[in-house]
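Me: I have a structure open here and have not looked at it before. Can we go through it together?
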Amino acid sequence: MESSQEITTQGSTVEDWTKALAESSGSPGGGAGTGVMLAVAASLASMVAGYTEASGQELAELHVRARSLRETALKLADEDATASKAFGAAFRLEPGPDREQAIHRASVDAAKASAVLGDHAIDAIEDLGWLAAHGNPALIADVVVGFGALRAAIAGARTNVSFDLGSLRSAGATLDEIKEKHPGLWATVGRLSDALDRIDELVAAVDDKAAPTDGH
């Protein structure tokens, strides 16, 4: 197998990528895993769209978005892995001003990478919602599995943005200062939390169809 430093989601087998993820290197790590979960969600949306018949352009456009998102998600996973390397390297520096500056830069970059991934995941929610309501009913279980993967991606992005922002405290900042200096990233955490609630709402609406034996 390639060394974990050379592993990419776009160019590795699932076997090699997950083996690298299992190593104690941090790259790939949870952020890259978040990107892979988003790619899984997009792939399932694309599959269900391909099995669905509907008039008009809405389904065709959804299908195009899902295919594009799969590729984008894997690219973002690799970008997150790169940010993760810089993040870890910053914390390994000797205490002092250079370390604080490196932590600040790496923390903000890592938070931005996770925020971008989270924004793409939010954009995919209503497409899966459309498939839940109008997609081929024989594949409703696949839609719900897609929602599960999408939820994992959004939960991961939310946690990573929040954690990375919180890491700025290691560079001497308070939470109030972080909120003031990075309002966009701070607000992203709230939007991702709201997105989790939206997914739960959509899944609950079709749970009796996707899991008819539950509770019986």
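Me: What percentage of the residues in the protein chain is buried?
Reply: This is a predicted model. In the protein chain, 43% of the 216 residues are buried.

Me: And how many helices and strands does the protein chain have?
Reply: There are seven helices and zero strands. Read from the N terminus, the elements go α-α-α-α-α-α-α. The radius of gyration is 19 Å, close to the 17 Å that the globule rule gives for 216 residues, so the chain is as compact as a globular protein of that length.

Me: What does the C-alpha trace span along its principal axes?
Reply: About 60 × 45 × 40 Å.

Me: Now the inside. Which residues have the most contacts within the largest nonpolar core?
Reply: Leu38, Leu131, Val143, Leu150 and Ile154. That core has 38 residues.

Me: Which helices each supply at least two residues of this core?
Reply: They are α2 (30-50), α3, α4 (97-134), α5 (140-166) and α7 (183-210). Helix α5 gives the largest share, with nine residues.

Me: Take leucine 150 from that list. What is it in contact with, leaving aside neighbours within four places in sequence?
Reply: Leucine 150 is in contact with Leu38, Ala41, Ala121, Ala124, Ile125, Leu128 and Ile199. Of these, Leu38 is also one of the residues with the most contacts inside the core.

Me: Is phenylalanine 87 buried or exposed?
Reply: Buried, because its relative accessible area is 16% and the cut-off for buried is under 20%.

Me: Last topic, charge. How many positive and negative side chains are there?
Reply: The protein chain has 18 positive and 32 negative side chains. The centres of the two sets are 4 Å apart.

Note on methods
Residues are numbered from 1 along each chain as its sequence is written. This is a predicted model: local features need pLDDT of at least 70, side-chain atom pairs count only at pLDDT 80 or more; totals for chains, interfaces and linings use all residues. Side-chain values use heavy atoms; hydrogens and water are left out. Buried means under 20% relative accessible area, exposed over 50%, partly exposed in between (1.4 Å probe, protein chains only). Helices (H or I, at least four residues) and strands (E, at least two) are DSSP runs, numbered from the N terminus. The radius of gyration is taken over C-alpha atoms; the globule rule is 2.2 Å times the number of residues to the power 0.38. Lys and Arg count as positive and Asp and Glu as negative; His and the chain ends are not counted. The place of a charge is taken as NZ of Lys, CZ of Arg, CG of Asp or CD of Glu. A nonpolar core is a set of buried Ala, Val, Leu, Ile, Met, Phe, Trp, Tyr and Cys residues joined through side-chain atoms within 4.5 Å. Contact means heavy atoms within 4.5 Å.
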